[in-house]
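Thanks for sending this one over.

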Amino acid sequence: MKKVLENSKKIAILGLSPDAQKPSNKVAKYLQDKGYSIIPIYPKGGKILGIKAYTSLQDAFSQETDIDLLNVFRKSEALLEVAQEVLSLPYLPKCVWVQLGLNNKEAKELLENAGITYFEDACIKIEHQRIFQ
């Protein structure tokens, strides 16, 4: 995890809510404060934390280059579909990080077999704090 966090500069966040009280927003703000470039992905678009939000994974990965890590805030049941979509992107992120409480064995196997580092059931903010503070 330390190596991934050290080598990631641009983090796309799937399911990033514009609501400052939601965990996804708090995590994104934390990452932004730590110097990461965040790419919000939210179905309604708009701006989140002052940054243009893309409406889909395809949209974000088609218009942004060099996204290192995809942080996922979606239900466990949706993770296989997310993994399949990741494999159809114009380029692959180096890592897919699925938030605390979420997991899907098939998604994990699919992405790891494609050479993508995969973490699940782990909060990127909590792990960053644990490793670097």
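**Notes on strands, contacts and voids**

1. Let me begin with strand S5 (residues 69–72): Leu69 and Asn71 point one way and Leu70 and Val72 the other, and all are buried. Buried here is under 20% relative accessible area, exposed is over 50%, and partly exposed lies in between (1.4 Å probe, protein chains only). Strands (E, at least two residues) and helices (H or I, at least four) are DSSP runs numbered from the N terminus.

2. A word on the basis: this is a predicted model, in which local features need pLDDT of at least 70 and side-chain atom pairs count only at pLDDT 80 or more, while totals for chains, interfaces and linings use all residues. Residues are numbered from 1 along each chain as its sequence is written, and side-chain values use heavy atoms, leaving out hydrogens and water.

3. S5 has partners in S1 and S6. With strand S1 (residues 10–14) the pairing is parallel over 4 bridges, and Ile11 stands opposite Leu69. With strand S6 (residues 95–98) S5 also pairs in the parallel sense over 4 bridges, and there Leu70 has Val96 as its bridge partner. Pairing requires at least two DSSP bridges between the strands.

4. S1 is covered on both faces: Lys10, Ala12 and Leu14 are buried on one side, Ile11 and Ile13 on the other. S1 also pairs with S2 in the parallel sense, over 5 bridges, and Lys10 has Ser37 as its bridge partner in S2.

5. There are β-α-β units to look at here. S1, helix H2 (residues 23–33) and S2 form a right-handed one, and S5, H4 and S6 make a right-handed unit as well. Right-handed means that, with the strands pointing away from the viewer, the path from the first strand over the helix to the second runs clockwise.

6. Which residues does Ile38 touch, neighbours within four places in sequence aside? Ile38 sits in strand S2 (residues 37–41) and is buried at 1% relative accessible area. Its contacts (heavy atoms within 4.5 Å) are Ile11, Ile13, Leu16, Ala28, Leu31, Gln32, Leu49 and Ile51. Ile38 and Ile51 are 13 residues apart in sequence, with 8.0 Å between their C-alpha atoms.

7. Is Glu64 buried or exposed? Glu64 lies in the loop between helix H3 (57–63) and S5, and counts as buried because its relative accessibility is 17%. Beyond neighbours within four places in sequence, Glu64 is in contact with Lys10, Ile39, Tyr54 and Tyr91.

8. Now the open space. The largest pocket has a volume of about 160 Å³, and its lining divides into 6 nonpolar, 3 polar and 3 charged residues. Among the lining residues are Tyr42, Pro43, Arg74, Glu81 and Glu85. Helix H4 (residues 79–86) gives the most to that lining, with 3 residues. A pocket is an open set of points on a 1 Å grid over the protein atoms alone, with protein on both sides within 12 Å along at least five of seven lines; a cavity is a set where a 1.4 Å probe fits but cannot get out, and lining residues have an atom within 4 Å of a point.

9. The largest cavity holds about 30 Å³ of space. The residues lining the cavity divide into 9 nonpolar, no polar and no charged, with H4 giving the most, 3 residues. For the classes, Ala, Val, Leu, Ile, Met, Phe, Trp, Tyr, Cys and Pro are nonpolar, Asp, Glu, Lys and Arg are charged, and the others, Gly among them, are polar. Volumes are the space filled by probe spheres set on grid points, which are joined across faces, edges and corners.
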